[in-house]
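Visitor: I'm new to this one, and I'd like a close look at a single part. Could you take me through the aromatic rings and how they pair up?

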Amino acid sequence: MPNDGPFLHLHSLEASQLGDGLENGLSPAVLRSLSSRAIFLATPDDLVVVDREPDPSWIEYLQRVGLKLPQIRVAQGEGETLVERITDDAELCAELRERGYPIKPYMGSIQNQTLAHQLGLRYIAPDSQLVDRLNHKSNLDQILLEIGLPRIPTEVSTRDQIVHDARFAFEEHGSLMIRSDLSIGGHGVWRIENTQGIDQLANGIKVANPDRKFIWQPLKAVTNSPNVQYEITDDSCTLLGISAQQMTESFAFGGNNFPSPLSNNQSILDQSQETAQWLQTQGYRGLVGFDFIVTTNQEVYIVEINPRVNTSTFPLILSHHLGVEAFKLMTGLPTQTVGFDELQSLIGSELLYDQHRKDGIIPLMIPTKDRPVCDVMVFANTRDETEVIADRLDNRLGAFLSARNAP
C-alpha cells in the first residue's frame with residue numbers, strides 16, 4: 001500500500017451526502033461513534049481525531065493482540081459533525097497546525113476542504129464537485145460511457161415521475177431495479193417484481209428530496225456482487241483487494257467475504273483498473289470502492305463507484321497488517337450489550353482474535369446505548385475457517401438472545 005505519512009485521519013460523516021433519509025435514521029450519537037473506525041486505517045505514526053473517547057477496554061484489547069495503534073485525539077468543540085467540533089476546539093486546531101499532517105478524510109467534502117484550508121494542511125481527497133458527481137447514481141451511465149465500459153440500459157426519472165414510470169416500465173419490460181440518486185447499504189434501492197414493489201417504492205420515496213432523481217434498469221439475475229478496493233495517489237492506482245458482498249433480497253448490505261472467488265476475473269480486473277486510471281486523470285486521490293455485479297450470463301458491470309472509505313476497507317487493510325489471507329465482515333449483529341467488556345464476555349475469549357493462531361474475531365464497532373449492535377471482522381487464513389468461526393458466533397448470539405428474551 002502507498003504510504004508517505006504521517007497522516008491525519010478524520011472520519012467526519014455527513015449522512016445527507018450518503019443516502020436519502022439517513023440524516024433522519026442515524027442519530028448524531030451513532031454518527032459520532034463511526035469516527036473511531038479510522039484507527040484501523042492508520043499507522044503508529046499517524047494521528048486519528050475522533051468524536052468521543054474510544055472504549056478503553058477495546059483499545060487495550062487491540063494492543064494486546066498486536067495491533068500498533070495510532071495516536072488518538074478527541075475533538076472537544078461543539079457542532080453536529082466531527083469537522084465542526086474540531087473547528088470549535090482551538091487547542092486541537094493549534095496542535096494540528098503545528099503537526100502539519102496531510103488530511104485523509106472519510107470522504108471528500110466542502111467541510112473537509114474548508115478545514116484543511118483553515119489549518120493550512122494538505123488535503124488527500126478529490127474535489128467535492130468530483131465526489132458529488134460520483135456519488136449521484138444518475139451520473140454513472142455517462143461516466144461508464146466516457147471510460148468505454150459495459151453499461152446496463154438506464155433511464156432517469158424525477159421523484160414526481162418515478163412511480164408512474166416504474167408502473168409503465170414494469171408492464172412493458174417486467175422486473176426492475178430502481179435506485180435513488182443517493183443510496184448506500186440498501187437504503188434507497190427497490191427491487192420491482194410485482195405491484196406491491198411499486199407500492200413500496202411510492203412509500204419509500206417520501207423521504208427523498210423533491211428534486212431527487214432516480215435511475216431504473218432491467219433487473220439482472222445476479223450470481224455475485226464483488227467489491228473492488230483501490231488506493232489512488234499521484235503516482236499509482238493500487239488494487240487493495242476484491243471481496244464478495246453479501247446482499248439480502250432487498251439489497252441491504254450484510255457484510256463481505258474475502259477473497260472473492262472472482263479475484264482473478266479478468267473483466268473485473270480490467271474494468272476496475274480502467275476506472276481507477278480514469279479517476280486519477282480526473283484528480284481523484286484516496287480510497288475508492290467499485291461495486292460490480294456478475295450475471296448468470298457471465299456479464300460483468302460496474303453498478304456503483306463509491307468515492308469514500310467503504311465498510312469493507314477496514315478489514316481489507318487490517319488483513320494486510322495482520323498477515324492473514326481471509327476475512328468475513330459481519331455487520332449489525334444484535335448483541336443487546338453495551339461496551340467491549342460485555343461484548344467480550346458474550347463472544348468468548350476462544351473466538352476473539354489470537355495473534356499466535358492468526359485467527360479469530362476483532363470487533364470493528366463496539367455496541368453502545370445509541371447503537372446496540374456490533375460489527376465484527378473475522379480473520380483466518382482461509383475463507384472456510386472464517387465461516388466456521390462466524391457460525392460459532394452466530395450460534396452463540398442466537399442462544400444468548402433466546403435466553404435473554406425467554407419469558
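Guide: Let's settle one word before we start: a residue is called buried when its relative accessible area is under 20%, and exposed when that figure is over 50%. Keep in mind, too, that what you're looking at is a predicted model.

Now for the rings. Seven aromatic pairs turn up here.

How hidden are they? Phenylalanine 258 has a relative accessible area of 12%, so by the 20% cut-off it is buried. Phenylalanine 327 comes out at 0%, so it counts as buried as well.

Stay with phenylalanine 327 for a moment, since it has another partner, phenylalanine 379. Here the ring centres lie 6.4 Å apart and the planes meet at 65 degrees, so this pair is edge-to-face. Phenylalanine 379 belongs to strand E17, residues 374-380, while phenylalanine 327 sits in E15, so the pair ties together parts of the chain that are 52 residues apart in sequence. Both phenylalanine 327 and phenylalanine 379 are buried.

The charged end of lysine 104 sits over the ring of phenylalanine 7, 4.0 Å from the ring's centre.

The structure holds one cavity of 30 Å³ or more, and the largest cavity has a volume of about 70 Å³. Its lining includes Lys137, Asp141, Arg151, Thr154 and Gln217. Helix H8 (140-147), strand E8 (213-218) and strand E14 (300-306) are the elements that each give two or more residues to that lining. H8 gives the most, with three residues. Sorted by class, the lining has six nonpolar, two polar and three charged residues.

Terms used:
Residues are numbered from 1 along each chain as its sequence is written. This is a predicted model: local features need pLDDT of at least 70, side-chain atom pairs count only at pLDDT 80 or more; totals for chains, interfaces and linings use all residues. Side-chain values use heavy atoms; hydrogens and water are left out. On a 1 Å grid over the protein atoms alone, a cavity is a set of points where a 1.4 Å probe fits but cannot get out, and a pocket is an open set with protein on both sides within 12 Å along at least five of seven lines; lining residues have an atom within 4 Å of a point. Grid points are joined across faces, edges and corners, and a volume is the space filled by probe spheres set on the points. Helices (H or I, at least four residues) and strands (E, at least two) are DSSP runs, numbered from the N terminus. Ala, Val, Leu, Ile, Met, Phe, Trp, Tyr, Cys and Pro count as nonpolar, Asp, Glu, Lys and Arg as charged, and the others, Gly among them, as polar. Rings of Phe, Tyr and Trp (its six-membered ring) pair if their centres lie within 6.5 Å; planes under 30 degrees apart count as stacked, over 60 as edge-to-face and the rest as tilted. Buried means under 20% relative accessible area, exposed over 50%, partly exposed in between (1.4 Å probe, protein chains only). A charge sits over a ring if NZ of Lys or CZ of Arg is within 6 Å of the ring centre and within 35 degrees of the ring normal.
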